[in-house]
Amino acid sequence: VSRHFLSKEFVKRYIDLIALYKMNTFHWHLTDDQGWRIQILKYPRLTDVGAWRSGSMIGPYRNQQFDSIPYGGFYTQNDIREVVNYASQRQITIIPEIEMPGHSLAALAAYPEYSCLGNVPEVGRAWGGFDDVFCVNDSTFYFLEDVLSEVLELFPSKYIHIGGDECPKERWSKCPKCLNTRFENNLQNEEELQSYFIQRIEKFL
């Protein structure tokens, strides 16, 4: 639902179908470059800004054509609780996905201070990934821990999906903050920096 927002009613219908086929897990992809779909009370711009894009890609990716129709939406925390309860009554566990460190353009458009450049103009309109990803420094981790703390309150799942893959490293290779994190933690390259990022979030979760 991060790229193509679907209503709460649609999600419930989907859960009904999962139950019909005796599946017991629903993976709810709530954030990506093209939209942030879950209300986080401490950071309202994630949905005020990050849940909306100025247009969408139309036609084949290779054509790079876009419309100019504003698009978006998000689930309130009450919506989330309602859907989680609805699924639970049907013996279905919902695993939420909060993408990091890549596929984070929607979050960075809302809070560009957590990017390497400090300037992310808009939520992604194209499909695929983007060079702007979460900067690897303490302030970013504090932000993400705040976000995940609210996610943990909403989802009783044993697992939280944080993505972790498909992270361009162009920004990291030139960012003084990321280079400092590498130096302080004796990391040899950006691949090890990515592992450091994921392991730090893993330990928090």
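Colleague: Hi! What should I know before I start?

Modeller: This is a predicted model, so local features need pLDDT of at least 70 and side-chain atom pairs count only at pLDDT 80 or more, while totals for chains, interfaces and linings use all residues. Residues are numbered from 1 along each chain as its sequence is written, and side-chain values use heavy atoms, with hydrogens and water left out.

Colleague: Okay, how much space lies in the largest pocket?

Modeller: About 150 Å³. A pocket here is an open set of points on a 1 Å grid over the protein atoms alone, where a 1.4 Å probe fits, with protein on both sides within 12 Å along at least five of seven lines. Grid points are joined across faces, edges and corners, and the volume is the space filled by probe spheres set on the points.

Colleague: And which residues line the largest pocket?

Modeller: Among them are Val 1, Phe 10, Tyr 14, Phe 26 and Trp 28; a lining residue has an atom within 4 Å of a point. Helix α1 (8-20) and strand β1 (25-29) are the elements that give two or more residues to this lining, and β1 gives the most, with five. Helices (H or I, at least four residues) and strands (E, at least two) are DSSP runs, numbered from the N terminus.

Colleague: How do the lining residues divide into nonpolar, polar and charged?

Modeller: Eight are nonpolar, three are polar and none is charged.

Colleague: New topic: how many aromatic pairs are there in the whole structure?

Modeller: The search finds 13. Rings of Phe, Tyr and Trp (its six-membered ring) pair if their centres lie within 6.5 Å; planes under 30 degrees apart are stacked, over 60 edge-to-face, and the rest tilted. Tyr 43 and Tyr 111 make an edge-to-face pair, 5.4 Å centre to centre with 85 degrees between the planes.

Colleague: Where do Tyr 43 and Tyr 111 lie?

Modeller: Tyr 43 is in the loop between β3 (35-36) and α2 (45-48), and Tyr 111 is in the loop between α4 (105-110) and α5 (138-154), so the pair ties together parts 68 residues apart in sequence.

Colleague: Is Tyr 43 buried or exposed?

Modeller: Tyr 43 is buried, with a relative accessible area of 11%, and Tyr 111 is buried at 10%. Buried means under 20% relative accessible area, exposed over 50%, and partly exposed in between (1.4 Å probe, protein chains only).

Colleague: Which residues do ring pairs link into a cluster?

Modeller: Phe 5, Tyr 14, Phe 26, Trp 28, Tyr 75 and Phe 155.

Colleague: Nice. How many salt bridges does the search find?

Modeller: It finds 11 in the whole structure, each a side-chain nitrogen of Lys or Arg within 4 Å of a carboxyl oxygen of Asp or Glu. Asp 146 and Lys 42 meet in one (3.1 Å, N to O). That pair links helix α5 to the loop between β3 and α2, 104 residues apart. Asp 146 is partly exposed at 24%, whereas Lys 42 is exposed at 51%.

Colleague: What about Arg 182?

Modeller: Arg 182 forms a salt bridge with Glu 190, the closest N and O atoms being 2.9 Å apart. Both Arg 182 and Glu 190 are buried.

Note on methods:
Nonpolar A, V, L, I, M, F, W, Y, C, P; charged D, E, K, R; others polar.
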